[in-house]
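Please open the model in your viewer and keep the selection tool at hand.

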Amino acid sequence: MMKIRAYQEKDKAEVILLWSECGLVVPQNDPAKDIERKLKVDPDLFLVGVKGNTIVATVMGGYEGHRGWVNYLAVKPSEQRKGYGQAIMEAVEILIQQKGCPKINLQVRTTNKAVIAFYAAIGYGNDNVVGLGKRFEQDS
């Protein structure tokens, strides 16, 4: 059974290790900086799933007044397909909705077919938009 709770500072190393295991750490992103930035804005929307004493899932949610966003959804590879991804997504969705958010957006690399299928199975659809970005830092 996985327990979902808010991220705590003591979780940092274990969370970064999980993100690395899940292939979410890429050269242009510094996960430690991403955590620091998240803790300054809606830290209550940064959740971890814990089984025993091990973090097996994470999600970072956000809401800027127009749309909600989801980042860093991760489930430990050995714990996938047990409902943990869906459970932690439901938890963050509830928290984002409670802030008055009408819609959640997220981005998935087009090559990540398994993750796209996961999101489709829990009700997310392709909005047929192009995701654009502009970097202010090389590691953001």
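In what follows, a residue is called buried under 20% relative accessible area, exposed over 50%, and partly exposed in between (1.4 Å probe, protein chains only). This is a predicted model, in which local features need pLDDT of at least 70 and side-chain atom pairs count only at pLDDT 80 or more, while totals for chains, interfaces and linings use all residues. Residues are numbered from 1 along each chain as its sequence is written, and side-chain values use heavy atoms, with hydrogens and water left out.

A salt bridge here is a side-chain nitrogen of Lys or Arg within 4 Å of a carboxyl oxygen of Asp or Glu. By this rule there are 12 salt bridges.

First, select lysine 99 and aspartate 44, a salt bridge whose closest N and O atoms are 3.3 Å apart. Lysine 99 lies in the loop between H3 and strand E5 (104-106), and aspartate 44 in the loop between helix H2 (31-38) and strand E2 (46-51), so the pair ties together parts 55 residues apart in sequence. Helices (H or I, at least four residues) and strands (E, at least two) are DSSP runs, numbered from the N terminus. Lysine 99 is partly exposed, at 33% relative accessible area, and aspartate 44 is partly exposed, at 35%.

Next, select glutamate 21 and lysine 76, whose closest N and O atoms are 3.2 Å apart in a salt bridge. Glutamate 21 belongs to helix H1 (residues 12-21), and lysine 76 to the loop between strand E4 (68-75) and helix H3 (84-98).
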